[in-house]
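Visitor: Please guide me through this model, one question at a time.

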Amino acid sequence: MNTDPIADFLTRIRNASSARKKVVEIPASNTKKAMTKILFEKGYITNYMFEEDDKQGVIKIALKYNPSTKTPAITELQRVSKPGLRKYSNSTELPRILNGLGIAIISTSKGVITDKEARNLNVGGEVLCYVY
């Protein structure tokens, strides 16, 4: 039993990235699918695919590396809000990661979006993680 599926999602990506794997498979959920789409749109992963099976489904993520230095595109994945201590932020106090070079993924009433989109929509929410 997994008590924190988002931390498991981030840990699987972090471990596969440090092991220089090309593809990582993660059990699917709607929140993880939304987070995967954000990572793809912001250029942190090469591609992704949602596969349905008789249970909950699987997300296959193709990790992105710098072709010359072979360093991963994702240098840091940091879980912020945890099941034991939730972190919420309103629209005026949303975190700015590396002066805008990184992203914060926020779960809002408008769905799972980045910190920049949340500022534009003027909504706050639960700060899920930082990516840079």
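Guide: Two strands are said to pair if DSSP finds at least two bridges between them; helices (H or I, at least four residues) and strands (E, at least two) are DSSP runs, numbered from the N terminus. The model is a predicted one: local features need pLDDT of at least 70 and side-chain atom pairs count only at pLDDT 80 or more, whereas totals for chains, interfaces and linings use all residues. Residues are numbered from 1 along each chain as its sequence is written, and side-chain values use heavy atoms, with hydrogens and water left out.

Visitor: In what order do the strands of the open sheet of three strands lie?
Guide: Strand β1 (residues 23–27) pairs with strand β3 (residues 58–63) over five bridges, in the antiparallel sense. Six bridges join β3 to strand β2 (residues 45–51), again antiparallel. The open sheet, with its antiparallel pairing, therefore has the order β1-β3-β2.

Visitor: Which are the edge strands?
Guide: An edge strand here pairs on one side only. This holds for β1 and β2.

Visitor: What angle does the direction of helix α1 make with that of β1?
Guide: Helix α1 (residues 5–18) packs on the sheet, touching β1 and β3; contact means heavy atoms within 4.5 Å. The direction of α1 makes an angle with that of β1 of about 165°.

Visitor: At about what angle to β2 does helix α2 run?
Guide: Helix α2 comprises residues 30–41. This helix lies across β1, β2 and β3, and its angle to β2 is about 155°.

Visitor: Which residue in the turn of the hairpin has a positive phi?
Guide: The hairpin is formed by β2 and β3, with six residues between them. A positive phi of about 100° in the turn belongs to Gly57.

Visitor: How are the planes of Phe40 and Tyr48 arranged as a pair?
Guide: A search of the whole structure finds two aromatic pairs. The rings of Phe40 and Tyr48 have centres 5.3 Å apart and planes at 75°. Rings of Phe, Tyr and Trp (its six-membered ring) pair if their centres lie within 6.5 Å, with planes under 30 degrees apart counted as stacked, over 60 as edge-to-face and the rest as tilted. The pair is therefore edge-to-face.

Visitor: What is the angle between the planes of Tyr48 and Phe50?
Guide: Tyr48 and Phe50 form an aromatic pair of the tilted kind, 5.2 Å from centre to centre. The angle between their planes is 45°.

Visitor: Is Phe50 buried or exposed, or in between?
Guide: Ring pairs link Phe40, Tyr48 and Phe50 into a cluster. Buried means under 20% relative accessible area, exposed over 50%, and partly exposed in between (1.4 Å probe, protein chains only). Phe40 at 34% and Tyr48 at 25% both fall in the middle class. Phe50 has 28%, so this residue is partly exposed.

Visitor: Which residue has its charged end over the ring of Phe50?
Guide: A charge sits over a ring if NZ of Lys or CZ of Arg is within 6 Å of the ring centre and within 35 degrees of the ring normal. Over the ring of Phe50, 5.3 Å from its centre, sits the charged end of Lys33.

Visitor: With which side chain does the side chain of Glu52 make a polar contact?
Guide: Glu52 is found in the loop between β2 and β3 and is exposed, with a relative accessible area of 58%. A polar contact is a pair of N or O atoms within 3.5 Å; within protein, one must be able to donate a hydrogen and the other to accept it, and residues adjacent in sequence count only if both atoms are side-chain atoms. The side chain of Glu52 makes such a contact, at 3.5 Å, with that of Lys33.

Visitor: Is Ser89 buried or exposed?
Guide: Ser89 lies in strand β5 (residues 88–89), and a polar atom of its side chain is 2.9 Å from the backbone oxygen of Glu93. Leaving aside neighbours within four places in sequence, its contacts include Leu94 and Val127. At 11% relative accessibility, Ser89 counts as buried.

Key
Axes are lines fitted to C-alpha atoms, for helices over the stretch in contact, and angles run from 0 to 180 degrees between N-to-C directions.
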